[in-house]
Amino acid sequence: EVTQTDAGIRIDTVYVAADVGRVLDPVNFEAQVQGGVIFGLGHAMNCELTYRDHVPEQTNFHEYQAMRLHQAPEITVRLLENGPLRGLGEPGVPPAAPALANAIFAATGQRIRELPLSRKVRFA
């Protein structure tokens, strides 16, 4: 869920339902999913690799505009325990960008089809 404000798009709430099989540690499961969501949203919002002479201009993470604490949304995570123990990884990362783009479309009517999204909208 996003809101269009005078300062830009504000990400209010993210809902995640994850089916990763049996979970042994629900607290770490929730933290892993929330971290993946923040990582994915931050990259969708601002991060971009640019190249000069076939070499990346960004040499490390300090040269990225990551999501700031004041931009972090409330994240609600629900676990669907179906099946055997499988593992978690980063299931919150890949769907973050398309989910954010769809939420921006629902709030503004603007369809954005390229990353980073900050090329077309401003984030609060």
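Is Gln58 buried or exposed? I started there, keeping in mind that this is a predicted model.

**Entry 1: Gln58**

I looked up the accessibility first. Gln58 has 17% relative accessibility, so I log Gln58 as buried; the cut-off for that class is under 20%. Next I checked the setting. Gln58 sits in a loop, with strand E5 (55-56) on one side and strand E6 (74-79) on the other. Then I asked what the side chain reaches. I found the backbone nitrogen of Thr50, at 2.9 Å from the side chain of Gln58. I also listed contacts, skipping neighbours within four places in sequence. Glu48, Leu49, Thr50, Glu63 and Tyr64 came up as contacts of Gln58.

**Entry 2: salt bridges**

I searched the whole structure and got six salt bridges. Side chains of opposite charge can pair when their charged atoms come close.

Glu57 pairs with Arg52, and their closest N and O atoms are 3.2 Å apart. I checked how open each partner is. Glu57 is partly exposed at 33% relative accessibility. Arg52 has a relative accessible area of 57%, so I log Arg52 as exposed, the cut-off being over 50%.

Arg119 and Glu114 form another salt bridge, with 2.5 Å between the closest N and O atoms. Arg119 is partly exposed, at 43% relative accessibility. Glu114 is partly exposed too, at 32%.

Glu114 also bridges to Lys120, where the closest N and O atoms lie 3.8 Å apart. Lys120 has a relative accessible area of 46% and counts as partly exposed. Which residues do shared partners join into one network? I traced Glu48, Glu114, Arg119 and Lys120.

**Entry 3: the largest pocket**

How much space lies in the largest pocket? I read off about 310 Å³. The lining has 18 residues, and those closest to the pocket centre are Val14, Tyr15, Val16, Pro95 and Ala99.

I then sorted the lining by element. Strand E3 (13-18), helix H1 (26-45) and helix H2 (96-108) each give at least two residues. E3 supplies the most, with six residues.

Last, I sorted the lining by class. I recorded 15 nonpolar residues, two polar and one charged.

Conventions: Residues are numbered from 1 along each chain as its sequence is written. This is a predicted model: local features need pLDDT of at least 70, side-chain atom pairs count only at pLDDT 80 or more; totals for chains, interfaces and linings use all residues. Side-chain values use heavy atoms; hydrogens and water are left out. Helices (H or I, at least four residues) and strands (E, at least two) are DSSP runs, numbered from the N terminus. Buried means under 20% relative accessible area, exposed over 50%, partly exposed in between (1.4 Å probe, protein chains only). A polar contact is a pair of N or O atoms within 3.5 Å; within protein, one must be able to donate a hydrogen and the other to accept it, and residues adjacent in sequence count only if both atoms are side-chain atoms. Contact means heavy atoms within 4.5 Å. On a 1 Å grid over the protein atoms alone, a cavity is a set of points where a 1.4 Å probe fits but cannot get out, and a pocket is an open set with protein on both sides within 12 Å along at least five of seven lines; lining residues have an atom within 4 Å of a point. Grid points are joined across faces, edges and corners, and a volume is the space filled by probe spheres set on the points. Ala, Val, Leu, Ile, Met, Phe, Trp, Tyr, Cys and Pro count as nonpolar, Asp, Glu, Lys and Arg as charged, and the others, Gly among them, as polar. A salt bridge is a side-chain nitrogen of Lys or Arg within 4 Å of a carboxyl oxygen of Asp or Glu.
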